[in-house]
Amino acid sequence: MSVLETLFNSPLGQLVAKQAGLKPPPKLRRGRVLPTGPVVLAELPGADGAARAALGLLDVETADPIADVAENRIADDRGRQVPRPYTTPPGAVVVDATGVRTIAELEGLRQVLRPAVRSLERSGRVIIVATDASAVEGLEAHAVAQGIDGINRTVAKELRAGSTSNLLFLRGDTGADDLVSTMSFLLEGRSAFVSGQTWRVGPAKALHALDDRPFEGRVVVVTGAARGIGTAIAEVFARDGASVVAIDVPAGGDSLAQVANRIGGSALQLDITAADAGERIAAHVARVHGADARIWAIVHNAGITRDKMLANLDEKLWGQVLEVNLAAEIRINDYLLGDVVPGGFGDEARIVGIASTSGVAGNKGQTNYAASKAGVMGYTWELSRQLADRPITAGAVAPGFIETEMTGAIPFVQREIFRRTNSLGQGGRPVDVAETLAYLCSPASGGVDGQVIRVCGQNLVGA
Amino acid sequence: MTHTAVVVGGNRTPFVKAGTKYASASAQDLLTAAIDGLVARFGLAGAKIDEVAAGAVLKHSRDFNLTRESVLGSALSPHTPAVDLAQACATGLEAVIYTSNKIRLGQARSAIAGGTDSASDAPIVVTEGLRKAILRASRARSLGDRLKALASIRPSDLMPVPPAVIEPRTGLSMGESQALTTTRWEVSREDQDQLSYDSHQNLARAWDSGFFDDLVTAYRGVSRDSILRADTTLEKLASLRTVFGRGDDATMTAGNSTALTDGAAVVLLAEESLARERNWPVLAKVVDSQIAAADYVTGAEDLLLAPTRAIPELLERGGLTLDDFELFEFHEAFASTVLATLKALEQNGVGAVDRAKVNVDGSSLAAGHPFAATGGRIVASLAKRLAERGSGAKGLISICAAGGQGAVMILEAL
């Protein structure tokens, strides 16, 4: 720990920091925990009702919204007309804007969001559901769909005390069954560090009911599981019932074994860049879980950084990063997507990878890393498209600043800047990345396909 | 109903020179780590194994239940029973024999066998004079008797007694005993150095090819055997000074003798039907085994050549000859032990062993020799190699041990 960091964390340092406006960040609600306050449902004209039905499936009782119209306004202590406040701070405000097609109708969002933004409880939620541009007609409707995206991103920035706002675009024919896993994820603490994001939900190719232990009896493969985010991923999947196959390089074998044993999984020491990595993963699954076992999900988490300014970057450091972070993932999937083998992919496999905000926005000293991580996004989108006729889904998460050993090595001042320059004013935790991956891999998330979700607290970079 | 005991897999820590990276790890720590690595590899956390048998040569008095304590510290179910075995350097192989026999008798369907040793954390004991004086004092009924007992302690009694691998009946160390054998069997320095060189080359090749990816789990920041010198040369080995033997007869060096080593190794064994039910790899079955002992005290026989008595007995019982084996594992206590063993087998009419089939993945000279761990290391590696060769491939394991004993075993790929 640097002198500066020690000083900053001392009582005096904290006092000075507070005076300077660097308040300690809000503590986020995490885990499978719903908001405590009421869930307000605002259905704007023309709403298709999927949001209401999804909340019904979750047994969430809904409250009516306060609309910011003349009769709902009161004078504040300085005599200004403001919306009447909620008597109980809402835990979440769900806005069903699926019927909004005109610029004039956007006013409906303003009306229900204005009273909500200042009255949400801590770690509250704004969830906007709208119709995807692919399912609307006309120039104005397309403009409006994108307009809602702008609203969401801005609301997320204006919310306080750990509250988040996210937007779901529904593709045509998306029903409550398709939406429910996403609605549950967003309401619960699992989505703590996901804010200002927009993604698409469509009709699932195969439906499964929502479950608190969705991976019970299912095999989930996690690469890079010996430490950091990978360990958190393995733990979250195991918490949700999975038999986890934890993979890491032989040099990480002892901590890998500890992780595997702690969560009742198994360990496979494997360099994922080996030509036969896919075969060895399948063989391990068959060896530990029997010849009939199949992989439900694979989380391609293993990744490395070899940071250098491009002016100093040679072909070796370039190649290593692309090989581990991108090429290995493609090779392994190619094998597992091929012929059916013992221990290979099941019919409805979930394939998820890890992109990065560095891939979205670029990052000084990381051309190689950004290439690989942006590559993961491009690969995920096309993979999902190519698998359109199979009930397999592909997805990815793009973490922002996550508190790990790796980010702990960043010099203090830089680190403090990175961790605070997002809408939640803090770094995320490995578990936040893990929860999002587990949501993407959930059997009930079959309608969430080809999506890259940023877990970055709405990082200012690339947002 | 006949039962077949099969080797399913194995795990060990990387082996390191005593007094280095594992200096603060106890034999129990090492064994626990080896078991945990195996448990993780096969997803056995919380599972009950029918029995775990292991041991250590260098044992503290607190280690009276070493294996059971290791099991309790591991991720295995606490309902997994355990037993400590001891047969000097044959301990690990004897543990495999013990558990495979139980499996063959139907008394167990799954077992873990192996061993551990820490030469770094070896027990240091007090002198006999001090120990007896303290015992006398504790029995004394009066202050006078007590003082008298304590007064009998001489300054020399206060020196701690470090461990040494000394044969109690000859007073010779292992190296000194082997030096006699080396001379008797006229084993040349060049042959010894060549065998040592081959051991390092073979082990390095096995590591480089990823052979140990599913046989070894990194421990305390070590992910490869640290005694291994992939870059050693015959010239370097030839330049080392001798450490055992006298005068012109001295040919044994630190390069062709095993170093004191820390490490642990275990093997997962199962009844064949259980292995097949679980879809575990059926690497090789335990065909048979034999122990023999040599009359070394009188000097009539060699301390470490007892396997040359066990091997013909085992071959005869199975109707086999040395030509029936694709691979041989002769534990390299010293290079000259292996060479003298081969010479003796030939001279005794048992047969000639093709050197190209011996220790193809290196052995104790390169890997190191944590005494009780060596058997587990060899069984797991050989079983994996035999499985690669295909059904019917046989391998012979030979391990010499202190006390003039030797243990041998036949494995066969199914």
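**Helix packing and a sheet**

Mentor: Helices α3(B) and α13(B) are oblique to each other, therefore neither parallel nor perpendicular. Please keep in mind that this is a predicted model.

Trainee: At what angle do α3 and α13 of chain B pack, and how far apart are their axes?

Mentor: The angle between helix α3 (residues 91-105) of chain B and helix α13 (residues 374-389) of chain B is about 60°, and their axes are 5 Å apart.

Trainee: Which residues meet there?

Mentor: From α3(B) come B:Thr91, B:Gly92, B:Leu93, B:Ala95 and B:Val96, and they meet B:Thr374, B:Gly375, B:Gly376 and B:Val379 of α13(B). Four residues of this contact are nonpolar, five are polar and none is charged.

Trainee: Turning to chain A, how many strands are in the open sheet, and in what order?

Mentor: There are seven, in the order β11-β10-β9-β12-β13-β14-β15, with parallel pairing.

Trainee: Which strands stand at the edges?

Mentor: Those are β11 (266-269) and β15 (451-455) of chain A; each has a single partner strand, so one side of each has no neighbour in the sheet. From one strand to the next, the twist averages 20°.

Trainee: How many bridges join β13 to β14 in chain A?

Mentor: Five bridges join β13 (residues 345-354) of chain A to β14 (residues 393-399) of chain A, and the two strands run parallel. A:Val352 is opposite A:Gly395 in β14(A).

Trainee: And what does helix α8 of chain A lie across?

Mentor: Helix α8 (residues 253-262) lies across β10 (243-248) and β11 of chain A, and runs at about 160° to β11(A).

Definitions and conventions:
Residues numbered from 1 in each chain as written. Chains lettered and ligands numbered in written order. Predicted model: local features only at pLDDT ≥ 70, side-chain atom pairs only at ≥ 80, totals over all residues. Axes fitted to C-alpha atoms, helices over the stretch in contact; angles between N-to-C directions. Helix = DSSP H or I, 4+ residues; strand = E, 2+ residues; numbered from the N terminus. Parallel < 35°, antiparallel > 145°, perpendicular 65-115°, else oblique. Contact = placed C-beta atoms within 7 Å. Nonpolar A, V, L, I, M, F, W, Y, C, P; charged D, E, K, R; others polar. Pairing = 2+ DSSP bridges.
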